[in-house]
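Welcome! Have a first look at the protein shown here, and then we will walk through some of its features together, topic by topic.

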Amino acid sequence: MDRWVGKVAVVTGSSSGIGAAIAKDLAKAGMITVGLARRVERIEALKKELPTDAAARLHAIKCDVSSEADIDATFKLIEEKFGGVDVLVNNAGIVRPSNLIEQGNSADLRAVLDTNVTGLVLCSQWAYKSMVARSVGGHIVHINSYAGHVVPNFPKFSIYPASKHAVTAITETMRQELRAAGTKIKVTSISPGVVETEILEPLAVTLEMPMLQSEDISQAVLYAIGTPPHVQVHEIIIHPVGELF
């Protein structure tokens, strides 16, 4: 991680859960860390959980990644305040429980796709532009899901697995495009199994099974971006021991 000290990391959806753990760990690792979220006050509260030097490196900006206008304004601000993006972690993601085959849920379907797919791509475009403009061998990390590789038999998962399958395909598409463009920018997909976070709350289910913790995923991010420049970690799948899926 030494080469990232003093560099700029942007983490979407960093107000809680996996995103909060990643933002804290990147700040502790010496990166200037910009946390994006709708609940920006919760990112500010994370500073109390950090040593003084790391807390000074954590910055919060309000951003809804389902809004293209929000994304544009936010990344322009990041360019102005911090000079650009060296590492982007696309963590923001939502679940809206419903059944795909039933009508009346179009707003929920769009919300999931706008956040989990379109927002991820638009943030990546801004990061790519910043990295190329400064000739930086940066890193884009997508927090995917095991549901991006299979479709778990899970009630009311709706379009969520489809949105994560899209992330799996997007990761490979980006890898090919980054190679074709002649860049040294890396892209990594990290696919956890069940993680004990707030994203489970809308599903209103109790899972009697082992779960991962947010910090487990954050450690995977540190590993992926900490590899030497010639090493591309394309995909990491993480399960808790004993998971049913």
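## A covered helix

In helix α1, the buried residues are Ile18, Gly19, Ala20, Ala21, Ile22, Ala23, Lys24, Asp25, Leu26 and Ala27. Please keep in mind that this is a predicted model.

**More on α1**

- Helix α1 covers residues 17–28, which makes 12 residues.
- From its first C-alpha to its last, α1 reaches 17 Å, close to the 16 Å expected at 1.5 Å a residue.
- The helix is mostly covered, with 10 of its 12 residues buried.
- Just after α1 comes Gly30, which takes a positive phi of about 105 degrees.

**The nonpolar cores**

- In soluble globular proteins, nonpolar side chains tend to be buried together.
- The largest nonpolar core here has 29 residues, and Val10, Phe75 and Ile78 have the most contacts inside it.
- Two or more residues of this core come from each of β1 (8–12), β2 (32–37), α4 (68–82), α5 and α6.
- Helix α5 gives the most to this core, with 7 residues.
- Apart from this core lies another one, of 23 residues, and Ala9, Ile18, Val221 and Val233 are among them.
- Which residues does Phe75 touch, not counting residues up to four places away in sequence? Phe75 touches Val10, Leu36, Val85, Leu88, Cys123 and Trp126.

**Val87, a buried strand residue**

- You can find Val87 in strand β4, which is made of residues 87–90.
- Val87 has a relative accessible area of 0%, so Val87 is buried.
- Leaving out residues up to four places away in sequence, Val87 touches Trp4, Val8, Ala9, Val10, Met31, Met131, His139 and Ile225.
- How many residues apart in sequence are Val87 and Ile225? Val87 and Ile225 are 138 residues apart in sequence, while their C-alpha atoms are 8.2 Å apart in space.

**The second largest pocket**

- Rolling a probe the size of a water molecule over the atoms shows where empty space is left.
- The second largest pocket has a volume of about 220 Å³.
- The residues that line the second largest pocket are Val121, Ser124, Gln125, Tyr128, Ile140, Ile170, Thr173, Met174, Glu177, Leu178 and Ala181.
- Helices α5 (106–133) and α6 (160–180) are the elements that give two or more residues to this lining.
- The largest share of the lining, 5 residues, comes from α6.
- Sorted by class, the lining of this pocket has 7 nonpolar, 3 polar and 1 charged residues.

- Most residues other than glycine have a negative phi, and most peptide bonds are trans.
- Ser135 is not a glycine, yet Ser135 has a positive phi of about 55 degrees.
- Look for Ser135 in the loop between α5 and β5 (139–143).
- Ser158 also has a positive phi of about 55 degrees, although Ser158 is not a glycine.
- The place of Ser158 is in the loop between β5 and α6.
- Is each of these serines buried or exposed? Ser135 counts as exposed because its relative accessibility is 70%, whereas Ser158 is buried, with a relative accessible area of 13%.

Terms used:
Residues are numbered from 1 along each chain as its sequence is written. This is a predicted model: local features need pLDDT of at least 70, side-chain atom pairs count only at pLDDT 80 or more; totals for chains, interfaces and linings use all residues. Side-chain values use heavy atoms; hydrogens and water are left out. On a 1 Å grid over the protein atoms alone, a cavity is a set of points where a 1.4 Å probe fits but cannot get out, and a pocket is an open set with protein on both sides within 12 Å along at least five of seven lines; lining residues have an atom within 4 Å of a point. Grid points are joined across faces, edges and corners, and a volume is the space filled by probe spheres set on the points. Helices (H or I, at least four residues) and strands (E, at least two) are DSSP runs, numbered from the N terminus. Ala, Val, Leu, Ile, Met, Phe, Trp, Tyr, Cys and Pro count as nonpolar, Asp, Glu, Lys and Arg as charged, and the others, Gly among them, as polar. A nonpolar core is a set of buried Ala, Val, Leu, Ile, Met, Phe, Trp, Tyr and Cys residues joined through side-chain atoms within 4.5 Å. Buried means under 20% relative accessible area, exposed over 50%, partly exposed in between (1.4 Å probe, protein chains only). Contact means heavy atoms within 4.5 Å. The expected span of a helix is 1.5 Å times one less than its number of residues.
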